[in-house]
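The structure is shown first.

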Amino acid sequence: MAPTQVGTGIGIANLPNQRHKIVAKNGSNFTLMVCGESGLGKTTFINTLFTTTIKTPRTYKRRFNKTEKTVEIEIIRAELEEKQFNVKLSVIDTPGFGDYTNNRDSWMPIIDFIDDQHESYMRQDQQPKRNELSDMRVHCCLYFIRPTGHTLKPLDIEVMKRLGTRVNLIPVIAKADTMTPTDLHKFKKRILEVIAAQNIQCYTFPLDSDDEASTKRNMSIMAAMPFSIIGSTEDVVTADGRTVKGRQYSWGVAEVENEDHCDFKKLRQLLIRTHMLDLIHSTEESHYENYRRTQMETRKIGEPKVKTVTNPKWKEEEEALRKRFTEQVRLEENRFRSWEQQLIAERDRLNKDLEAEHSHIKALEAELEAMQAGLSPKRK
Amino acid sequence: MAHRIGRRKNVKKGFQFTLMVVGASGLGRTTFINTLCDADVVPKRESDEPDMAHVEEGIKIKPYTVELDEDGVKISLTVVDTPGFGDMIDNEYCFQEILGYLERQYDDILSEESRIKRNPRFRDNRVHALLYFITPTGHSLREIDIELMKRLSPRINVIPVIGKADTFTPGELADFKKRVMEDIEHHNIPIYNFPYDPEEDDEETIEENSELRSLLPFALIGCEEEIMVNGRKVRGRQYPWGIVEVDNTQHCDFAKLRFALLSSHLQDLKEITHDYLYENYRTEKLSRTAEMSE
């Protein structure tokens, strides 16, 4: 049925404006995860992106005290305001990922965290009272790739495969000022080939939109994936006198916002200016719905999830405990066995004594009978 | 001073030197070797199939020999490359591979020495120095860096270097070097730190060695191509914001390291390998065999 055109305006066209007012008053909430080995500029990037110190840089004083080999999940919350619009920002960092000699299963805490947020939202949604939902579902995950110039590492591939099916995954090339333009171009091409060959799902968005300018911009953003980034919160002066955010080398200044130097501007466009809503919606409508569907196929409403704890540190502890347990069981069994031997020996000894007594009694009885038999004929 | 006199005697015969380079891929190891020898010694890494990128290949040990001419002195340089180090998900196995290779060379010498009739043309494959490429994270040493240097320093002279040092601004580089040296001291890792005796050696030697010691870990940049800068041809990397020159000591420590390895400290590294590291290994091994046969 085709919609009927209303003749003189009755005010339906004002609905978007009303909606805008409601949305503007409520603000929004955005959760961004940064994942990658340490030393790739994740903290600096976050601070550069939001032009404010969301996360303070690391201090090195206590680095000699750390002895555990864990991957942690660190949540940093901030509230940003621009022109009276509020955004509750949550940044999830993953310190410890990829930093150890053995990184087997180090992605488990990260994957579990993402799934847990979907789970938590689902459970809250199933409660009788559901007006105050705390929603920490991850809207976007930036995976930081080390600028080796070769290809993706096996660890990168393993993690990205698992992330891509659960969250909007955007690969970025960290510290891109290490690579010359030709090297960078080759590296990007290699990464895209590997992503395609390994079936890693990265974030994509609809390219076509209403106006030409947007379509062109969307296409140029998509073409730049994976985004090469340089992060810096410091102001430096370039050779031609401009003051910009950048990094000052002995041989020149690498600028953050210069599109010839890196793709920072494009990524910021994508994350904040144009596609933040799409990131939020696709998380809610696609990733969350996938999760909900797979869970509900096997579980009833209200039933809690079967949890398996898989942090690698705990695996080692589990192994150690198991070994101790088996050892103790073995010792106890040995103890019982020798005790049993002793009891059997004791029993045999007592049985022998009993037999000896029995035969003694029999002998006495026989003697008695013999004596009685000998006695009675004499009486006659 | 003694090593300088020795040099004059051996100039005509030439020297033999073996260097091992260890580091994760993508740190400029191969490029460094080619830059050091000023030739295409190690071929460029072949592109693997994208659908095989998830396969963990494990570490390989590859020696390459090249003849160099340093100011009229002939040097037969063997470079041992170790591709695959640190690239797997679980890297515990890598250390043993490298250690095994080093100890096999010592074993060869040991058995050759013990022969009744020794071969005069026996080739000494002992490795005299190991350049360990530290990942330029900007923070401090990683677990794998500490483990490797700790395990290998009893058998070989370990010299830590920073690969792809053009990641750092001058301030960041100084901070990183400081933290790395703090870590090395904290974990008691006995690296080769250009030793000198303040009482025995002459002023020139002391100054030279202190300077090299203060540059540790050496910041390296590698480049095989030549580009034009102000009308001269230099080896360098061209960025949109400037050009980094490999041979410029303001930009990196490559030139100083090269001179130390191939000229000034070549003899010292060989002597320490033979008189100290090899002797320790020999003692340990022979006492172990003696214990076992009791």
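Asp38(B) is exposed at 61% relative accessibility, whereas Arg235(B), at 11%, is buried; buried means under 20% relative accessible area, exposed over 50% and partly exposed in between (1.4 Å probe, protein chains only). Their side chains meet in a salt bridge with an N to O distance of 3.4 Å, the term standing for a side-chain nitrogen of Lys or Arg within 4 Å of a carboxyl oxygen of Asp or Glu. The two residues are 197 apart and link distant parts of the chain: Arg235(B) is in strand 8 of chain B, and Asp38(B) is in the loop between helix 2 (29–37) and strand 2 (62–70). Helices (H or I, at least four residues) and strands (E, at least two) are DSSP runs, numbered from the N terminus.

The model is predicted: local features need pLDDT of at least 70 and side-chain atom pairs pLDDT 80 or more, while totals for chains, interfaces and linings use all residues. Residues are numbered from 1 along each chain as its sequence is written, chains are lettered from A and ligands numbered from 1 in the order written, and side-chain values use heavy atoms, without hydrogens and water.

## Other salt bridges

Glu103(B) and Arg155(B) also form a salt bridge, with the closest N and O atoms 2.9 Å apart. Glu103(B) lies in helix 3 of chain B and Arg155(B) in the loop between helix 4 and strand 5 (158–162), so the pair ties together parts 52 residues apart in sequence. Arg155(B) is buried at 9% relative accessible area.

In chain A, Asp353(A) and Arg349(A) form a salt bridge at 3.9 Å between the closest N and O atoms. They are 4 residues apart in helix 9 (residues 312–379), which means a separation of about one helical turn. Asp353(A) is partly exposed at 41%, and so is Arg349(A) at 44%. Over all chains, the whole structure has 46 salt bridges.

## The interface of chains A and B

Contact (heavy atoms within 4.5 Å) involves 50 residues of chain B and 49 residues of chain A. The buried area, which is the accessible area (1.4 Å probe) lost on putting two parts together, summed over both, is about 4300 Å², with 54% from carbon and sulfur atoms. In chain B, Ile89(B), Glu143(B) and Trp241(B) lose the most area to chain A, together 20% of what that side buries.

Between the chains there are 4 salt bridges. Glu172(B) pairs with Arg247(A) in a salt bridge, with the closest N and O atoms 2.7 Å apart.
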